[in-house]
Amino acid sequence: MLFLHFSQTRLTMDFTAKQIAQYLSGQVLGDENAKVNTFAKIEEGRPGAISFLSNPKYADYLYTTQSSIVLVNRDFKPEKQTSATLIQVDNAYESLARLLTLYSQAVNPPRQGISPLASVAESAKIGKDVFIGPFAVIEDGAEIGDNTQIYSHAFVGQGAKIGCNCILYPNATVYYGCILGNRCTMHSGSVVGADGFGFAPTPHGYDKIPQIGIAQLEDDVEIGANTCVDRSTMGRTIVRKGVKLDNMVQIAHNVEVGENTVISAQSGIAGSTKVGQWCMIGGQSGITGHIKVGDKVNLGAKTGILSSTPDNQNVMGYPSMEMRGFMRSSVAFRSLPDMQKEIRALQKEVESLKSKLEDK
């Protein structure tokens, strides 16, 4: 079993390779009594640190790292001797995540209790072992599930429902009537349920179209800092279970994001578009409205999707195209200055030949 304890104000791990291997169902290659008390990237390893190797690009660091223990995939075979003790696991990256989760829980353990400086409406329903920090606001009719953590200055609007084991970090906002499932995380500055961008043009300007629907996050959704999920014009904007949204992502009104899709920073999805399951959307990508993106579609960074895209596509560029085609086009694009010079030279030759023919 692994033990975490505090030493003064600093978290200390006291793990042996044998303990870690037992916890991760791994196999030790080397000294099972090797100890670690911190984490480090493999290229910045130091004695007493545990690192991991999952990307072959970093394999050379394994033979020079000073880390005491390195997690590797079970099928990894070292090419030469290492000073570090290796622990073979099914997935080194996932195993590291499990260890970091233990570390994080020890650094910031769940809190309980309602601060006297919080504003909690009498009609709000508060579950068991909930934490509500100073200056947080819980409005009338709101429901907060068991073990949920609501930090300072977070806001939960009238009639909103927050599931169990959720975390709302400082200044997170859930507008009235919106819903969060269980184990959802909202980082600072994120907003669920602001009005969708709906305006009707008139001769005198733009009249606002009231947004009377809600926004809903299903279970196990995490949204990053300053990310916005807008409420729908009617019905629901839905972020399905397991979705992970990076910082500064925009999900517009009536959008549906499918299960386990991940979206990187500064990406946006316009209104009424449906994105499938297990998609991966690179940073600064944009998806137009009223289309459908299929399951397992991967978008490279800065991709612009202008039309519906079928399942299992890897696309990139603006307008988007199949990724290999985009790479070939990029090569041609870089050649355009030289091609322009050649074309101008050919034009001059053609004009010269025309002139000579006309003189005859």
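Modeller: Some terms before we start: buried means under 20% relative accessible area, exposed means over 50%, and partly exposed is in between (1.4 Å probe, protein chains only). This is a predicted model, where local features need pLDDT of at least 70, side-chain atom pairs count only at pLDDT 80 or more, and totals for chains, interfaces and linings use all residues. Residues are numbered from 1 along each chain as its sequence is written, and side-chain values use heavy atoms, with hydrogens and water left out.

Biologist: How many aromatic pairs does a search of the whole structure find?

Modeller: Six. Rings of Phe, Tyr and Trp (its six-membered ring) pair if their centres lie within 6.5 Å; planes under 30 degrees apart count as stacked, over 60 as edge-to-face and the rest as tilted. One of the pairs is Phe 39 with Tyr 103, edge-to-face, at 5.6 Å centre to centre and 90° between the planes.

Biologist: Where do Phe 39 and Tyr 103 sit in the chain?

Modeller: Phe 39 is in strand S6 (residues 38-39) and Tyr 103 in helix H2 (residues 92-107), 64 residues apart. Helices (H or I, at least four residues) and strands (E, at least two) are DSSP runs, numbered from the N terminus.

Biologist: Is Phe 39 buried or exposed?

Modeller: Phe 39 is buried, because its relative accessible area is 17%. Tyr 103 has 30%, so Tyr 103 is partly exposed.

Biologist: New topic. What sits over the ring of Tyr 176?

Modeller: The charged end of Arg 231, 3.9 Å from the ring centre. To count, NZ of Lys or CZ of Arg must be within 6 Å of the ring centre and within 35 degrees of the ring normal. Over the ring of Tyr 63 sits the charged end of Lys 80, 5.2 Å from the centre.
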